[in-house]
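Here are my notes on the model, for you to check against the coordinates.

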Amino acid sequence: MSTAEAHHDDHDHHGPAPGFKRWLYTTNHKDIGTMYLLFSLIMFFVGGAMALVIRAELWTPGLQIVDPMFFNSMTTMHAIVMIFGVVMPAFVGLANWMIPMMLGAPDMALPRLNNWSFWIMPFAFTVMLSTLFMDSGGPAGGWTMYPPLTLQMGDSFAFVVFAIHFLGISSVMGSINIVATIFNMRAPGMTMMKMPLFVWTWLITAYLLIATIPVFAGAVTMLLTDRYFGTSFFSAAGGGDPVMYQHIFWFFGHPEVYILILPAFGIISSIIPTFARKPLFGYDSMVYATASIAFLSFIVWAHHMFTTGMPLAAELFFMFSTMMISVPTGVKVFNWVATMWRGSMTFETPMLFAVGFVVMFTIGGLSGLMLAITPADIQYHDTYFVVAHFHYVLVPGAIFSLMAATYYWMPKWTGNMYDEKLGKIHFWVSTIFVNLLFFPMHFVGLAGMPRRIPDYSLQFADWNAIASIGAFGFGFAQLIFVWVIIKCYRGGEKATDQVWEGADGLEWTVASPAPYHTFETAPEIK
């Protein structure tokens with residue numbers, strides 16, 4: 001064997017690169033999934049710290065802790081970090097880990113692209129968070145970045161736009177990879193209508209991302225040229241229209257909120273059948289409901305804009321189309337409840353989080369239906385009622401589903417069982433405090449307290465104090481979660497082949513259609 005051949009042979013058979021290089025160069029879907037999940041966990045605490053700054057300031061009326069401009073940049077950054085740094089990367093991490101395994105694929109379709117789409121993200125967030133240390137202060141235009149607020153932001157604005165472009169590139173590349181994997185790498189016999197629902201929800205989410213992120217990129221680029229290159233897309237003085245920005249932004253922003261919840265639906269649709277020990281009720285209708293939610297999400301954007309003086313016909317159109325979204329969402333909630341109905345349920349931690357999701361997500365859905373009604377929304381708009389609504393969807397919704405998924409699949413990832421007792425404590429403490437945090441916001445919102453303000457009128461003091469106690473309780477409860485993860489990673493009871501089997505040895509590992517039978521009798525267990 002020549003020296004070159006020997007060298008080549010050696011190069012083929014050495015394992016992963018040692019230490020940090022292994023993570024930097026990896027194209028393994030599990031490694032990349034792990035990095036996404038860890039990055040998301042770190043950002044969860046960064047974004048959470050920002051939320052605690054906000055709640056500490058709002059503990060009592062008066063300006064006490066932070067400068068009002070810094071308060072504004074906290075409300076802005078908290079949202080951007082939580083959306084683009086926590087929920088989306090965590091779902092992409094789960095997609096990386098689970099989709100190839102659920103489809104019987106050896107890896108993702110585009111492994112090198114996969115590596116790149118992850119490593120762009122820490123870079124983009126470093127740029128974004130660095131703006132907090134600039135002379136002009138961090139971004140302070142709200143996460144929506146409405147002009148003319150953003151046009152007064154100082155030079156940190158350019159860095160924020162730069163970071164958003166990179167986060168968008170990362171999301172679109174990740175989505176293309178997911179679509180390519182699902183269409184091209186399914187195992188023989190795995191037809192589309194046999195895919196687990198988590199795969200379906202991600203396929204649809206990926207299409208939403210590919211369709212909307214470029215719209216957002218266009219909107220922030222127009223803001224940038226208004227600020228630095230003398231254009232006036234959104235400046236009335238130059239013939240532009242600031243409301244046009246709202247239309248462009250929400251055409252991205254509304255599908256975005258479904259991007260943040262559809263993968264959660266997939267997770268919950270995998271967990272509930274397992275712990276109810278019966279197949280998911282209405283698999284086909286779940287797929288169609290997900291697709292119709294995605295379709296409708298594109299034609300409801302102006303329900304965020306009922307107070308901008310739209311024509312009556314437009315207000316009616318957006319009101320009715322928004323109310324229509326509650327139909328497929330109701331189908332989903334019905335199917336989850338029907339799956340649990342007369343099932344042999346056990347309540348391990350993943351199931352607790354899943355049931356908590358169904359109950360509290362529904363509260364968020366009902367307040368969303370209230371906000372859809374134009375004359376009512378004119379009263380609720382820009383109050384804490386809106387904050388309560390979307391946090392009920394995103395915290396006990398998206399975040400709880402991520403926690404459920406972590407507990408559910410952690411034994412598969414690490415080979416060890418997590419500490420069940422600690423997991424249950426984490427669930428109950430989180431659930432009590434998350435309701436203490438967000439439920440009072442409905443009351444102060446209906447009473448007229450505006451959002452995004454560092455100070456408020458005296459009559460709102462009691463509920464704000466309660467919400468702030470809830471915030472600190474919920475924040476510190478997440479340290480239990482971190483400890484459970486560390487403990488599980490370091491060792492513990494070994495997980496079996498069938499982690500979640502019941503007394504009868506039955507496990508529905510994926511939420512695919514079960515053998516056909518009527519629901520008049522229990523399915524026969526072989």
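**Notes on helix packing and voids**

1. α5 and α6 cross in a left-handed sense. Bear in mind that this is a predicted model. The helices in question are α5, residues 111-130, and α6, residues 156-184. Their axes lie 8 Å apart, at an angle of about 160°. Angles over 145 degrees count as roughly antiparallel, and α5 and α6 are therefore roughly antiparallel to each other.

2. Which residues make this contact? From α5 come Leu 113, Asn 114, Trp 116, Ser 117, Ile 120, Met 121, Phe 123, Ala 124, Phe 125, Val 127 and Met 128. α6 answers with Phe 159, Val 160, Phe 162, Ala 163, Ile 164, Phe 166, Leu 167, Ile 169, Ser 170, Met 173, Gly 174 and Asn 177. By class, 18 of the contact residues are nonpolar and five are polar. No charged residue takes part.

3. Look next at the cavities. There are four of 30 Å³ or more in the whole structure.

4. Met 121 of α5 and Leu 167, Ser 170 and Gly 174 of α6 belong to the contact in point 2.

5. How do α4 and α8 cross? Their axes come within 11 Å, at roughly 50°. That makes α4 oblique to α8. Ile 83, Phe 84, Met 88 and Phe 91 of α4 touch Phe 252, Glu 256 and Ile 259 of α8. This contact has six nonpolar residues, one charged and no polar.

6. Now the second largest pocket. Its volume is about 750 Å³. The lining holds 26 residues, and those closest to the pocket centre are Thr 34, Leu 37, Leu 38, Trp 413 and Ile 485. At least two lining residues come from each of α2 (19-25), α3 (29-57), α4 (68-103), α14 (384-414) and α16 (461-490). α3 gives the largest share, nine residues. The lining divides into 19 nonpolar, four polar and three charged residues.

Technical notes. Residues are numbered from 1 along each chain as its sequence is written. This is a predicted model: local features need pLDDT of at least 70, side-chain atom pairs count only at pLDDT 80 or more; totals for chains, interfaces and linings use all residues. Side-chain values use heavy atoms; hydrogens and water are left out. Axes are lines fitted to C-alpha atoms, for helices over the stretch in contact, and angles run from 0 to 180 degrees between N-to-C directions. Helices (H or I, at least four residues) and strands (E, at least two) are DSSP runs, numbered from the N terminus. Angles under 35 degrees count as roughly parallel, over 145 as roughly antiparallel, 65 to 115 as roughly perpendicular and the rest as oblique. A crossing is left-handed if the near helix is turned anticlockwise from the far one by less than a right angle, and right-handed if clockwise. Contact means heavy atoms within 4.5 Å. Ala, Val, Leu, Ile, Met, Phe, Trp, Tyr, Cys and Pro count as nonpolar, Asp, Glu, Lys and Arg as charged, and the others, Gly among them, as polar. On a 1 Å grid over the protein atoms alone, a cavity is a set of points where a 1.4 Å probe fits but cannot get out, and a pocket is an open set with protein on both sides within 12 Å along at least five of seven lines; lining residues have an atom within 4 Å of a point. Grid points are joined across faces, edges and corners, and a volume is the space filled by probe spheres set on the points.
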